[in-house]
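Work through these exercises with the model open beside you. Try each task before you read its solution.

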Amino acid sequence: MSAVVGKLRETVCRLHDELVRYNLVAWTAGNISGRVPGEDLFVIKPSGVSYDELSPESMVVCDLDGEPVGGELSPSSDTAAHAYVYREMPQVGGVVHTHSTYASAWAARGEAIPCVLTAMADEFGGEIPVGPFALIGGDDIGRGIVATLKGHRSPAILMRNHGVFTVGADARAAVKAAVMCEDVARTVHVARQLGEPLPIPRPAVDSLYDRYQNVYGQRSPR
Ligand SMILES: [Zn+2]
């Protein structure tokens, strides 16, 4: 395996610690993948292995049909969905799936999370949309993710009656979106208990999104 793949195995493995740290997963129900730059391959969590036991070597390298390339472990049972996203969304370099509690509670009701917090405008550029009900196994989940996200700025989608999928330029960005998705799902849920949250006017959402995506943070060194 090339040095690039080796490095990505390490990165994807280590990022699973964040799912545990931010309380986004129970048992083994959550997974991360990262696209191998410049190759039709991605690295993904092995199926059914606990987060404590993950190692860079245990990560599974798959082609864009979701078929493992060498190795002995089976890839995550959500591999077909990750592969579909990589095939159809060339700008995506990382995919995350969780059943995080508050976001999945919105998914269980089939309700999009309305954009009522500036943090949502920043990260998601609007509401967090709901995708269709789809059974695991074939391309249905991937198709639902791609069809829904292509019409939204949001890097997160709530798959109805299921949970969250997020995408990003790389695996870390997709993990960040998963963490932020759960955070805002919780806050808007709490707000709902007390009354009706106030929507943010569209021009303000656009302005916040633009600033956060293009100006916020440290300038990268040249
Ligand atoms: Zn799931």
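## Exercise 1: the zinc site

Histidine 97 is buried, at a relative accessible area of 1%. The model is a predicted one.

**Task.** Find which protein atoms are the donors of the zinc ion, and classify histidine 162 as buried, partly exposed or exposed.

**Solution.** 
1. Start at the metal. The protein donors are NE2 atoms of His97, His99 and His162, lying 2.0 Å from the zinc ion.
2. Read their spacing along the chain. The pattern is H-x1-H-x62-H.
3. Histidine 97 sits in strand β4 (residues 94–98), while histidine 162 is in the loop between β6 (156–159) and β7 (163–168). They are 65 residues apart, so the pair links distant parts of the chain.
4. Apply the cut-offs. Buried means under 20% relative accessible area, and exposed means over 50%. Histidine 162 has 23%, so it counts as partly exposed. Histidine 97, at 1%, is buried.

## Exercise 2: an enclosed helix

**Task.** Work out why helix α5 counts as largely enclosed by the rest of the structure.

**Solution.** 
1. Locate the helix. α5 covers residues 140–149.
2. List its buried residues. They are Ile141, Gly142, Gly144, Ile145, Val146, Thr148 and Leu149.
3. Find the partners. The buried residues of α5 pack against α2 (79–88), β5 (130–131), β6 and β7.

## Exercise 3: the cavity

**Task.** How many cavities of 30 Å³ or more does the whole structure hold? Describe the lining of the largest cavity by class.

**Solution.** 
1. Search the whole structure. One cavity of 30 Å³ or more turns up.
2. Note the volume of the largest cavity. It is about 40 Å³.
3. Name the lining. It consists of Ser77, Asp78, Ala80, Ala81, Ile136, Gly137, Gly138 and Ile141.
4. Sort by class. Four lining residues are nonpolar, three are polar and one is charged.

## Exercise 4: the nonpolar cores

**Task.** Which element gives the most residues to the largest nonpolar core?

**Solution.** 
1. Begin with the members. The core has 23 residues, and Val12, Ile32, Val43 and Val96 touch the most other members.
2. Look for suppliers. α1 (3–21), β2 (41–44) and α6 (171–194) each supply at least two residues of this core.
3. Pick the top one. α1 gives the most, with six residues.
4. Check for another core. A separate one has 22 residues, including Phe42, Val92, Val95 and Leu149.

Terms used
Residues are numbered from 1 along each chain as its sequence is written. This is a predicted model: local features need pLDDT of at least 70, side-chain atom pairs count only at pLDDT 80 or more; totals for chains, interfaces and linings use all residues. Side-chain values use heavy atoms; hydrogens and water are left out. Donors are N, O and S atoms within 2.8 Å of the metal (3.2 Å for Na, K and Ca); water is not among the atoms, so sites may look incomplete. Helices (H or I, at least four residues) and strands (E, at least two) are DSSP runs, numbered from the N terminus. Buried means under 20% relative accessible area, exposed over 50%, partly exposed in between (1.4 Å probe, protein chains only). On a 1 Å grid over the protein atoms alone, a cavity is a set of points where a 1.4 Å probe fits but cannot get out, and a pocket is an open set with protein on both sides within 12 Å along at least five of seven lines; lining residues have an atom within 4 Å of a point. Grid points are joined across faces, edges and corners, and a volume is the space filled by probe spheres set on the points. Ala, Val, Leu, Ile, Met, Phe, Trp, Tyr, Cys and Pro count as nonpolar, Asp, Glu, Lys and Arg as charged, and the others, Gly among them, as polar. A nonpolar core is a set of buried Ala, Val, Leu, Ile, Met, Phe, Trp, Tyr and Cys residues joined through side-chain atoms within 4.5 Å. Contact means heavy atoms within 4.5 Å.
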